Amino acid sequence: MISVKKMMAAIVTFGFCVSMSVAEGRPLVEITLVNEGRPSASIVVAQNPTPSARLAALELQYHFRKITGAIVPIRTDREEITGPRILVGQSKQTNALGIKGADFKSLEYLIQFRPDTIILIGRDWQDTQENRKELGRDTYGRTIQSSRHQIDYHKATGQAGQGAKPITLPGFFDDQGTCYAAYHFLEKFCQVRWYGPAELNVVMPSQKTLTVRGGEIRRSRDLKHIHALGGGWPIIKVQWDSPNGDELNLYWRRLRIGGEKWAGNHAIWTKTVREVFNNPEYQAKGRGSGSQLCYTNPKLVQDVARVARDYFDGKELRDGFKAMGDYFAVVPDDNYSWCKCEKCRRILDISEEDKRGEGLFSNARNSYYIFNFVNEVAKEVRKTHPHKFIVALAYSSYTYPPKGLELEPNICVAPCLQICYGYDKKTYYENDLAIYRAWLEEGDRPLYLWNYFHHPMEPAVIGKWNCFPCFMPDVISREIKRYYKDGIRGVFLCGIGQQLDYYLYTQTAFDVDTDYKELVDEFFTLYFGGASKPMKTFYYRISEINREEAVVGTSREKSWAMLGTPERMKELGVYIDEAVKLAGTDIEKRRVETWKKGVWEYMKAGHHQFYLRENQ
Ligand SMILES: [Zn+2]
């Protein structure tokens with residue numbers, strides 16, 4: 001019997017750094033898809049494919065063409081097929097082989113090589129009227145239905161000259177195992193890399209013949225859920241070459257954003273939601289009125305439970321609520337204006353005795369008060385829906401688990417952790433780790449994370465100044481591996497600051513065996529070619545500077561007096577000048593330019609403004 005390790009080694013010889021769990025026992029098969037610029041295989045889909053299979057087939061055809069120049073035809077399962085075939089999603093042909101989409105668990109997929117046949121399949125959402133009725137609003141408050149984006153596939157792939165090609169993408173939270181299989185296949189066997197949404201960001205080989213060799217991979221994504229959109233902030237926007245909406249929507253699928261249905265966010269008590277609870281006695285006493293509610297009111301508990309039940313029964317989910325799948329979020333408004341009534345005051349007094357995290361953003365000051373309310377709602381909902389969950393964020397003044405309160409088993413918690421402060425050990429990181437461990441020890445319940453990824457960029461964007469960026473591949477890799485090992489189901493990633501760290505985050509979340517050093521090496525080699533060495537030094541040097549100082553550039557002073565000092569800026573400038581000189585091909589030059597303009601000139605402007613102010 002071949003060991004898994006040996007099998008891996010055999011498969012990896014043709015693939016590269018992405019290592020995966022591999023089923024044993026299937027011999028390696030070699031198949032030529034394009035031979036000397038001529039297609040020698042067919043892509044086969046069902047007559048009426050799922051949105052996932054339709055997209056997967058188009059993506060395979062597009063990338064094969066970009067690599068070889070040949071158009072590998074897409075055929076339906078009703079046509080007569082000769083020669084090698086790639087079966088994409090369930091079809092008559094996969095049925096004949098005894099493989100059906102429904103045999104897979106949610107989020108699971110298969111890549112299987114057989115003589116003359118490659119099978120790419122997984123569980124896919126079926127586009128039926130019934131399925132379209134499913135209720136749900138994600139962490140951003142957007143409906144499940146609205147993430148089934150309509151895009152012009154040609155516009156999204158730089159083929160606008162060929163006329164419009166409108167398609168509906170699978171929704172973020174629709175099962176799309178066939179797409180997972182196709183994207184994993186393109187990465188592992190065809191060496192395609194999606195470093196960003198624009199054509200300039202995509203790397204793949206150029207060759208006349210495309211031969212692939214493999215056995216079998218059957219797996220599921222590692223973190224079950226990842227939600228993380230963005231791209232409008234200064235650095236990443238330039239690195240991504242200012243993508244259009246269709247390119248962005250396609251990119252989220254390529255990165256496999258989405259997964260298990262889950263949502264958690266504030267604002268449950270704001271405007272539209274307030275109409276649902278418009279009883280004046282529910283409003284917080286004092287200046288919180290109109291935003292916070294009286295979280296000790298027993299009738300309010302009943303009313304919130306009713307709304308949750310209506311959602312779980314498929315009756316209604318009004319704008320403003322956040323709920324998906326088995327999860328309904330109960331999170332107060334984002335301020336500290338708690339109710340001043342006597343009962344709330346009494347419970348707040350007990351709550352405020354808990355001094356953990358005192359003086360830091362994430363602390364325990366209101367944990368007892370907020371979780372007391374969440375607990376009461378959960379208790380009520382559990383009576384009728386014992387297998388559904390109430391989602392609580394563990395956030396800000398209620399980040400620590402409450403002391404002296406036994407939480408109901410149907411509460412799902414998402415601690416809000418500041419991964420972006422990974423190099424700031426003294427103030428943030430250790431406190432966050434203590435919070436994380438406290439929740440792991442708190443009991444057996446589904447845990448998600450709200451992962452802050454927005455420092456130092458967000459304060460700079462809001463304050464209209466330019467920051468010294470933070471790159472932290474080692475922290476991202478270490479933390480996601482930790483989350484996975486501890487059974488964290490998924491993350492909401494809050495704030496996307498730059499190209500490579502975001503890419504590393506999503507790749508590691510999908511496959512926690514991703515090695516960050518290999519991924520970073522590969523990125524610089526494939527992306528910048530001749531200029532790779534100074535560009536990599538530039539990237540790692542910025543990372544080291546943040547680590548050395550153990551601060552993140554969240555203020556002008558931290559950014560430019562502590563991190564981006566004149567001496568360091570001089571050193572960093574040398575790497576960029578060298579990269580500009582060494583970039584050989586046109587595409588290398590253009591990519592270096594996106595970093596020179598997007599990262600370096602952005603930094604130079606921030607540095608300049610700071611020292612100009614200092615000298616005034
Ligand atoms: Zn009150």
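**Entry 1: the largest pocket**

A pocket, worked out on a 1 Å grid over the protein atoms alone, is an open set of points with protein on both sides within 12 Å along at least five of seven lines, and its lining residues have an atom within 4 Å of a point. Its volume is the space filled by probe spheres set on the points, with grid points joined across faces, edges and corners. I am looking at a predicted model, where local features need pLDDT of at least 70, side-chain atom pairs count only at pLDDT 80 or more, and totals for chains, interfaces and linings use all residues. Residues are numbered from 1 along each chain as its sequence is written, and side-chain values use heavy atoms, with hydrogens and water left out.

I looked up the largest pocket and found about 280 Å³ of space in it. It is lined by 21 residues, and those closest to its centre are Glu199, Leu200, Val202, Ile587 and Arg591. Which helix gives the most to this lining? I found that α21 does, with 4 residues. At least two lining residues each come from α2 (51–68), β11 (202–203), α17 (516–528) and α21 (586–614). Helices here are DSSP runs of H or I with at least four residues, strands are runs of E with at least two, and both are numbered from the N terminus.

**Entry 2: the open sheet**

Next I traced an open sheet of 6 strands, in the order β4-β3-β5-β7-β6-β13 and with mixed pairing. β4 (74–76) and β13 (216–220) each have a single partner strand, so one side of each has no neighbour in the sheet. On average, neighbouring strands are turned by 15 degrees against each other, direction ignored; axes are lines fitted to C-alpha atoms, for helices over the stretch in contact, and angles run from 0 to 180 degrees between N-to-C directions.

Then I followed the pairs (two strands pair if DSSP finds at least two bridges between them). β3 (42–45) and β5 (85–88) run parallel, joined by 3 bridges, and Val44 has Leu87 as its partner in β5. β5 and β7 are also parallel, over 4 bridges, with Val88 partnered by Leu120 of β7. β6 and β7 are antiparallel over 6 bridges, and here Ile111 stands opposite Leu120. Their hairpin has 2 residues between the strands, and Asp116 takes a positive phi near 65 degrees in it.

Is β7 mostly covered or mostly open? I found 6 of its 6 residues buried (under 20% relative accessible area with a 1.4 Å probe, protein chains only). Thr117, Ile119 and Ile121 point one way from β7, while Ile118, Leu120 and Gly122 point the other way. Helix α6 (177–190) lies across β5, β6 (108–114), β7 (117–122) and β13, at about 50 degrees to β6.

I found Gln507 in helix α16 (499–510). Gln507 counts as buried because its relative accessibility is 8%. Beyond neighbours within four places in sequence, Gln507 is in contact (heavy atoms within 4.5 Å) with Glu187, Leu255, Arg256, Thr514 and Leu519. The side chains of Gln507 and Glu187 form a polar contact of 3.4 Å (a pair of N or O atoms within 3.5 Å, one able to donate a hydrogen and the other to accept it; residues adjacent in sequence count only if both atoms are side-chain atoms).

Arg256 follows α8 and has a positive phi, near 65 degrees. In α8 (245–254), 9 of 10 residues are buried, among them Trp252. Asn244 caps the N-terminal end of α8, with a side-chain oxygen 3.1 Å from the backbone nitrogen of Asp246.

Terms used
Buried < 20%, exposed > 50% of the residue type's maximum accessible area, 1.4 Å probe, protein only. 1 Å grid on protein atoms, 1.4 Å probe; cavity = no way out; pocket = protein on both sides within 12 Å on 5 of 7 lines; lining within 4 Å.
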